[in-house]
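User: I am new to this structure and would like to learn how its features are read. Could we take them one at a time?

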Amino acid sequence: MKIGVLTSGGDSPGMNAAIRAVVRSATSRGIEVYGIYDGYRGLVENNMIELTRKSVSDMILKGGTMLGSARLPEFKEESVQLKAVDVCHQRGIKGLVVIGGDGTFKGAAALSNLGINCIALPGTIDNDIASTDYTIGFDTALNTIVENVDKLRDTSSSHHRCSVIQVMGNRCGDLALYAALSTGAEIVITKETGFDEAEMLERLRYYENTKKKNHAIVILSEKITDAEFLAQKISENTGFSGRATVLGHIQRGGSPTPFDRILATRMGDKAVERIAAGHRSECICIRDNKIVSIDIDEALSMTNPSRKELFELHDRLI
Ligand code: F6P
């Protein structure tokens, strides 16, 4: 049996650990593995290489993805998907393990319907795949954010400043919320909390005047409002001097944490087990610390869980 493995969409720390697990789990079962470059683009363009146990040496600790990643919007078109199917037939590839976010999952479901069995692993820092408690890369990105917020807190305290720190997450507030809980940030703004500028300024004045705080941290989830603009408003309307930091792509890099390495390893192994047993159009999830697989369409139809209790906990303790 021959299978392919690819990484697609935004990269995330732990993708290499997942590739390593897929390669080693497959080869130990006598399955040949092709590493496909640059996501679905490499598949369509027949750009791949056979991977052995040795090819993935040292990969467990490396950030990024050794196969490269890309977003290929054209992959929504059936004519493009059929090119990928042709390549699989030419190469004798019977199944694919794809690692990425929801766009990657959609591609895998489409290919499965066209006869190429696909198993998807959730690889994204955003933690926005509702079927799994954690995605590969979320924990490492969270650690990067926390390390940086802690540093910003030092300088904010020294200068009586309010730091507005914008974090990634696409439309999901988990990175922002978990970072706020980990750092004791005064305010967290996500899609779930909504954004009310007047209320935020009022709260900052309360922290300053009543609670006598000498700094404040605002964690802002991306795609809600402009961090620089917010910092300026804070300077104009509170006693704090506002400063904005957009953490950006630094959140996507770095060596994966042990949590992400273990998650990627368990998920990669499970994907090979499912593909070897002839399953198709499934994604691998972690739920209550158990690695399970569910249908991709079912996973895509799920909505992200409410984090109401965690938001309330955060507010209670500030
Ligand atoms: O999905 C991962 C992610 O990093 C999001 O958090 C962010 O909105 C987006 O990708 C950035 O995409 P790009 O790397 O294409 O700028």
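Predicted model: local features only at pLDDT ≥ 70, side-chain atom pairs only at ≥ 80, totals over all residues.

User: How many of the six residues of strand 5 (residues 117-122) are buried?

Analyst: Residues are numbered from 1 along each chain as its sequence is written, and side-chain values use heavy atoms, with hydrogens and water left out. Buried means under 20% relative accessible area, exposed over 50%, and partly exposed in between (1.4 Å probe, protein chains only). Strands (E, at least two residues) and helices (H or I, at least four) are DSSP runs numbered from the N terminus. In strand 5, six of the six residues are buried, so the strand is largely enclosed by the rest of the structure. Asn 117, Ile 119 and Leu 121 cover one side, and Cys 118, Ala 120 and Pro 122 the other.

User: Which strand pairs with strand 5, and in what sense?

Analyst: Two strands pair if DSSP finds at least two bridges between them. Strand 4 (residues 95-100) pairs with strand 5 in the parallel sense, over six bridges. Within this pairing, Ala 120 of strand 5 is the bridge partner of Val 98.

User: Which strands pair with strand 8?

Analyst: Strand 6 (residues 161-167) pairs with strand 8 in the parallel sense over six bridges, and strand 7 runs parallel to strand 8 and is joined to it by three bridges. Val 218 of strand 8 is the bridge partner of Val 164 and also stands opposite Ile 187. Six of the six residues of strand 8 (residues 216-221) are buried, so this strand too is largely enclosed by the rest of the structure.

User: How many salt bridges are there?

Analyst: A salt bridge is a side-chain nitrogen of Lys or Arg within 4 Å of a carboxyl oxygen of Asp or Glu. By this rule the count is eleven. One of them joins Asp 174 and Arg 307, at 2.7 Å from N to O. Asp 174 lies in helix 6 (residues 174-183) and Arg 307 in the loop between helix 10 (296-301) and helix 11 (308-317), so the pair ties together parts that are 133 residues apart in sequence. Asp 174 and Arg 307 are both buried.

User: How far apart are the closest N and O atoms of Lys 270 and Glu 273?

Analyst: In this salt bridge they are 3.5 Å apart. Lys 270 and Glu 273 are three residues apart in helix 9 (residues 258-276), which means that about one helical turn separates them. Lys 270 counts as buried at 19% relative accessibility, whereas Glu 273 is partly exposed at 34%.

User: Which residues form a positive surface patch?

Analyst: Patches are made of residues with over 30% relative accessible area and no salt bridge; like charges are joined within 9 Å, and nonpolar side chains (Val, Leu, Ile, Met, Phe, Trp, Tyr) within 5 Å. Arg 71, Arg 171, Lys 191 and Lys 223 form the positive patch. Lys 191 lies in the loop between strand 7 (187-189) and helix 7 (197-209) and is exposed, at 63% relative accessible area.

User: Which value of phi does Asn 289 have?

Analyst: Its phi is positive, about 65°, although Asn 289 is not a glycine. Asn 289 lies in the loop between strand 10 (282-287) and strand 11 (290-295).

Technical notes
Areas by Shrake-Rupley, 256 points an atom, 1.4 Å probe, with all protein chains shown as cover. Lys, Arg positive; Asp, Glu negative; His and termini not counted. Charge placed at Lys NZ, Arg CZ, Asp CG, Glu CD.
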